[in-house]
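Please look over the sequence and the structure shown here before reading on. The report that follows takes up selected helices, their packing and the nonpolar cores.

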Amino acid sequence: MLAASVILIFISGVILFWLRPHERSWAGWLSALPPLAVTFWQVTASLPLLAGSDAAAHGDSGLLQNGTIIAEQYRWIETLGLELSFRLDGLSLLFGLVISGIGAAVALYTHYYLENDDRQGYFYLTLFSFMASMLGLVWADNLLTLFVFWEGTSVTSYLLIGYSHQSAVARGGARNAFIVTAGGGLALIAGMILLGQQSGTYTISEIVTRPGLTELDLYPAILVLILVGAFTKSAQFPFHWWLPGAMAAPTPASAYLHSATMVKAGIYLLARLHPALSGHSMWMWALLSFGGITMLVGAVTAVRHWDMKALLAYATVSQLGVLTTLLAFRSEAALLAVVVGILSHALYKGPLFLVAGIVDHATGVRDLRKLAGLRRSLPVTTWVAILAALSMAGIPPLFGFVSKEALLESFFTSAEHGALAGWIAFGAAAVAGAFFVTYSLTLIWEAFLRPSSTIEAGTPLEEGGVPVEETHVHHAPPPLFVAAPLLLVACGTVAPLALAYLDALFAPAAASIAGAPVHKHVALWHGFSPVFLISLLAIAAGVWLFLKRSLLRRTLAALPDGLRGVVVFQNILDGVYAMGQITARFSQGYTLATQAAIVFLAAFVPVAFALRQIELADILPWNDVMPGAPETILILMLVVSAYVTVRIRTSLGAIVSLGVVGVSVTLFYVFFSAPDLALTQLLIEVLTVVLLVIVFTKLPPDIRPPMRKLKQTRNVLVALAAGAFGFFLVLFNTSEAMQAAQSISGFFLSNAVPRGHGSNVVNVILVDFRAFDTMGEITVLALAALGGYALLHAPRVNLPSSLSRRREPEHAERQSVHPPVESELASTESPAKASET
Amino acid sequence: MPELYLRLLNRILTPVLLLLALFLLIRGHNLPGGGFIAGLMAASAFQLQILSRGHVIVRRTIGPYLNSSIGLGLALAVLAGITGLLDGSFFQGVWFSLSLPLLGYLKLGTPIIFDLGVFLVVVSFATSYLLGLSRVSATGERLRDDSASPVLSDDSSLDSPDLRVETGRGANS
């Protein structure tokens, strides 16, 4: 059923694509059905087991809690030890429910967000492909299966961010997100292979029960590689900046991928491998420091942003940092806090993003400076926003409060035991908590509640408009549009009251992270503990910061640009382009003849080396294979026509004699009964000759000065070397020693008919025995065709260098340094070049 | 304007060449032929078309299909490989035997589909280049008529002979 669910979601996407959903009013409902079905299936499948596990946890066995609910295995590539295996346990179930549940709400919402957009079907297709990949990712029980789906989420995320492909911002955001997450994916696959090889299995459920992985010599390497993968995916510092850039995606994608699900994939991976890898101080300090920094950077930066979505993006970064920090610890309380944090974050951040989308849709504005008084025109949306934002701020008794209490308490308990790490985490979380309150209040006050939009002192508003009392709503949202965030917020608001029931979900999930049964339970009320006091203090500090927010914003805006991750990344990217240009200048700036000379000489060197090792007499042919009369005539034809090709003055003559060379070679094939080769060679010759005639006769006459003597000598030498290369290679091949060695031809000849079902051995080799080679060849052909298409249709071909040279005097100074290369590169419009001019 | 005899030849030869290509493709597995040769044969038919009717007309008729049929060919080849996967490993040949009433005994297999993919890629590749080069050569002709020389004079300001970019003949071929 697990694999079937993944396939169901994917096929639903394809069906929605074909349905043309933008023309059908019921498409929103229809799209929500498949994820809903998957949600209900997960609940019904796991309900009996979860209820049992809850009872078992209260008793003393607790075996079921950490157990498998469903496991499935499918054959894939057995020769490589690859199999598609899925397993549903507590942690996968929690993630699966979040993915499919929020997926249903987002699917419904999308239909109204993208109304009248004729690419809505395409959006659904990519959204559902993402959902399928994400479900596969959290259900996978094999590292490599997990990786395949992991990459699937990266690719679909790229497509979703770049949905508005005509906007440069969207394209840039998509590119950055993809480079970062796919780069992290490369590190991850290396880490996974090391882990799989070292532990002897790629099955995750076996790896996590294997003891002693932290004592391996390669543990640091495994850890670093996997952490890079997880940190890039989950937007941890120093990779956190791609997430705000990804906000160029349509809002449903931001709410779903870049808040509720995909960015949690890294967290999921860390949680999944927690039992195997966490028992080492490196793990703890790495997660603590990066998670802590991310938490603070995200929380502080969020306040600075005017764009609602950017603010929410940094808030998400901060929350992801919180989760990473929690995973540094091994206590039951910390792991339980992770689980609660994941669910509560999905239930408040998802709706907040959706609300931002509704506001954007209704008013056309997302800038907090220009918004005001939306509570009058969008009352329901305002309530949704208030509930969700208060939950984000961690105000009791909302779900966010439960989550914040759980995490503060787990840090505090750790600190009480005298652990330095506990104090650090506690301090960072308290400070971040204050900022959580600040930006939550900022969001609801500035957009929904305040009486009029104010132009803050010192912050110029580009349009310089007057403060408005209420942002004009030109497009009231239909009730169903608001239904999706409303539902999610309702779930989040009810959740604290149903903690006893939710515990049946939380405990097994935490047990999967711990690798052992968990006996702790979440609670709404912990009593007047020091933790609660700190929590209140943080709220008070947050409110104070909220009142002082303009000062805070000014201070943050004054920070230098060079500190921003995007800017640093762009500089690195420009550097790579510049390096590419330098490399190209030294490797491809040569003439065609020079480059060919390098290649041919490189091929000739091994032959020359071999010739020194071998007695020439050994490879020379014997008398009985000396050429007969027909072959001798052919050889003479070849030599004469080759000589004529070189010496003749007219290009037409050269082409014709080149054709004679080719046909003579074809005749050789005929004499030695290789009809397939002969046919191919002949066709190629015909095509080439005709083509050359067309091109050369119509080109302008060659008025170049005669070639320099030195160059001419070099060309002759290279030609001779290339000839010698071919000649001796054939001799080696036919020599006695080679013939004695086992040849593969026998196998081909005897197996072509019985196993290849064809009597043309050459063809059977091409399409059956060596199909992989042929596949590679036709792929090269396809790429060459695309490259040729680009080259031959580029405007540059129409206007050979003449025009670009005419411009030269204007830039004479600069061009004189590297004249030809510069003019060549100028037309490629590389970013570095563009920024320079 | 293409000569009359060329147009006449084209009328007769193009269908013959295309049929020959099909023939070579079908019999390829047992007798000389196959996707590669058939692809080149079909491309030479299109070459004849370009010569006799001009590249503009040919581009208009078959140009739009070229890039997509390259993709189709690759997809067919991969599909043949994946079908083999079901039977054991990638590119494992899978054969079906059909006994048809009129045609008699017919053997079909994934290598045949693979060969069809090869054929599509080769014919589209070659035709794409033929069309592109014909276009460029037409442009070259126009340039010569404009008597605007696209050729660089041997500039003595070049400090390193290795960095020189060859133009004229070399750069366009």
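## An enclosed helix in chain A

In this predicted model, helix 8 of chain A is largely enclosed by the rest of the structure, because eleven of its 15 residues are buried. The buried residues are A:Ile222, A:Leu223, A:Leu225, A:Ile226, A:Leu227, A:Val228, A:Gly229, A:Ala230, A:Phe231, A:Thr232 and A:Lys233. Their cover includes helix 6 (168–199), helix 11 (264–272), helix 12 (274–277) and helix 13 (281–304), which also belong to chain A.

The length of helix 8, which covers residues 219–233 of chain A, can be checked against expectation: at 1.5 Å a residue its 15 residues should span 21 Å, and the C-alpha atoms at its ends are 21 Å apart, which agrees. Just after helix 8 of chain A, the backbone of A:Ala235 takes a positive phi of about 55°.

## Packing of helices 15 and 17

Helix 15 (residues 332–363) and helix 17 (residues 379–393) of chain A pack with their axes 9 Å apart and at an angle of about 145°, and the crossing of these two helices is left-handed. Helix 15 of chain A contributes A:Ser344, A:Tyr348, A:Lys349, A:Pro351, A:Leu352, A:Val355 and A:Ile358 to the contact, while helix 17 of chain A contributes A:Thr381, A:Val384, A:Ala385, A:Ala388, A:Ala389, A:Ser391 and A:Met392. Sorted by class, the residues of this contact are ten nonpolar, three polar and one charged.

In soluble globular proteins, nonpolar side chains tend to be buried together. The largest nonpolar core of this model has 207 residues, and those with the most contacts inside it are A:Leu336, A:Val338, A:Val339 and A:Ala510. Helix 15 of chain A gives the most to this core, with 21 residues. If residues up to four places away in sequence are not counted, A:Val338 touches A:Ala271, A:Leu323, A:Leu326, A:Leu327 and A:Ile513.

Another core, of 58 residues, lies apart from the largest one, and its members include A:Ile655, A:Leu781, B:Ala21 and B:Leu116.

Chain B holds five helices and two strands, which follow the pattern α-α-α-β-β-α-α when read along the sequence. Of its 173 residues, 39% count as buried. Among the contacts in chain B between residues at least 6 apart in sequence, 66% join residues at least 24 apart.

B:Leu76 lies in helix 3 (residues 55–87) of chain B. With 21 other C-beta atoms within 10 Å, where 20 or more are required, B:Leu76 counts as buried. Leaving aside neighbours within four places in sequence, B:Leu76 is in contact with B:Ile113, B:Leu116, B:Gly117 and B:Leu120, and one of these residues, B:Leu116, is also a member of the core of 58 residues. The C-alpha atoms of B:Leu76 and B:Val94, which stand 18 residues apart along the chain, are separated by 14 Å.

## A partly exposed isoleucine in chain A

Is A:Ile633 buried, exposed or partly exposed? This residue is found in helix 27 (residues 629–647) of chain A, and it counts as partly exposed because 13 C-beta neighbours lie inside 10 Å, whereas a buried residue needs 20 or more and an exposed one has 12 or fewer. The C-alpha atoms of A:Ile633 and A:Ser664 are separated by 9.7 Å, with the two residues 31 residues apart along the chain.

Terms used:
Residues numbered from 1 in each chain as written. Chains lettered and ligands numbered in written order. Predicted model: local features only at pLDDT ≥ 70, side-chain atom pairs only at ≥ 80, totals over all residues. Helix = DSSP H or I, 4+ residues; strand = E, 2+ residues; numbered from the N terminus. Expected span 1.5 Å × (residues − 1). Contact = placed C-beta atoms within 7 Å. Axes fitted to C-alpha atoms, helices over the stretch in contact; angles between N-to-C directions. Left-handed = near helix turned anticlockwise from the far one by under 90°. Nonpolar A, V, L, I, M, F, W, Y, C, P; charged D, E, K, R; others polar. Core = buried A, V, L, I, M, F, W, Y, C linked by C-beta atoms within 7 Å.
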